[in-house]
Amino acid sequence: MTADGQDAVLKIQDPHRESEHEAAALELWGGDGAIRLLDHDAEEHALLLERCVPGTPLSEAGTEGAMDVLVGLLPRLWKSPEGFSTIEEEVPHLLEDIESARDERLKGAALSYLRDLVPTQGEPVLVNQDLHGENVLAAEREPWLVIDPKPLAAEREFSAASIVRSNELGHSKRDVLYRLDRLCSDLGLDRERAIGWTVMHTVAWSGGDYLVDPHLEALSWLLEEA
């Protein structure tokens with residue numbers, strides 16, 4: 001609890017490039033759709049954050065209800081990406097992660113999408129690489145608030161990746177395609193580019209040493225649609 005009586009959470013980060021600009025993203029959002037950053041000690045990698053009460057994860061809202069929330073939140077988070085790491089700067093790390101993937105078919109698809117999508121992007125915005133069913137919590141100030149962002153500058157379609165693969169929001173081909181189609185229809189995203197970013201990023205994050213089988217199964221369903 002802060003000196004003025006506000007409930008707070010102290011987060012000590014494990015330093016990593018993906019979370020390096022978490023505090024900056026929270027500061028930029030200023031509590032609009034995301035938890036508020038109350039204080040930050042960069043040297044100690046410590047963030048003092050607004051506490052979400054009751055803190056129920058969005059995954060408990062059901063697939064349709066969760067998507068209603070997410071399509072409402074995303075446009076509020078798409079701020080200017082000035083000063084944040086770009087997808088172009090991230091390419092060497094993504095290539096390294098994709099090369100470690102165990103599924104050769106998915107690896108090939110991910111490399112192809114990475115090669116094609118990065119140089120043909122639309123307008124870059126601030127996107128969150130880790131927005132999923134467990135990283136949006138019920139709160140009192142707003143019904144739902146985003147936590148634990150992994151910010152990056154990329155086109156809007158990149159935002160689909162972490163949501164489409166979020167098995168916490170339902171894990172079947174129907175669920176995956178529903179999330180994809182809601183994002184694309186409600187937010188005007190290009191469907192093929194959204195599929196491509198989802199395949200590329202998910203292979204990089206979930207296909208190698210940190211293997212997440214439900215995420216990879218979702219990619220198989222998406223590639224049937226590509």
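The protein contains 8 helices and 7 strands, where helices (H or I, at least four residues) and strands (E, at least two) are DSSP runs numbered from the N terminus. Its radius of gyration is 17 Å, close to the 17 Å that the globule rule gives for 226 residues, so the protein is as compact as a globular protein of that length; the radius is taken over C-alpha atoms, and the rule is 2.2 Å times the number of residues to the power 0.38. Along the principal axes, the C-alpha atoms fill a box of roughly 55 × 35 × 30 Å.

This is a predicted model, in which local features need pLDDT of at least 70 and side-chain atom pairs count only at pLDDT 80 or more, while totals for chains, interfaces and linings use all residues. Residues are numbered from 1 along each chain as its sequence is written, and side-chain values use heavy atoms, with hydrogens and water left out.

Of the 226 residues, 53% are buried; buried means under 20% relative accessible area, exposed over 50%, and partly exposed in between (1.4 Å probe, protein chains only). Among contacts (heavy atoms within 4.5 Å) between residues at least 6 apart in sequence, 75% join residues at least 24 apart.

Strand β4 (residues 124–128) has 4 of its 5 residues buried, so this strand is largely enclosed by the rest of the structure. β4 pairs with strand β7 (residues 151–155) in the antiparallel sense over 5 bridges, pairing being assigned if DSSP finds at least two bridges between two strands. Within this arrangement, asparagine 128 stands opposite proline 151 in β7.

Histidine 21 is found in the loop between β1 (8–12) and α1 (22–29). Its C-alpha atom is separated by 8.7 Å from that of proline 149, 128 residues apart along the chain.

Most residues other than glycine have a negative phi, and most peptide bonds are trans. Histidine 45, in the loop between β2 (37–41) and β3, has a positive phi of about 55°; at 31% relative accessibility, this histidine counts as partly exposed. Aspartate 148 has a phi near 55°, again a positive value, and lies in the loop between β6 (144–146) and β7. The peptide bond from valine 53 to proline 54 is cis, with omega near 15°, and proline 54 is found in the loop between β3 (46–50) and α2 (63–77).
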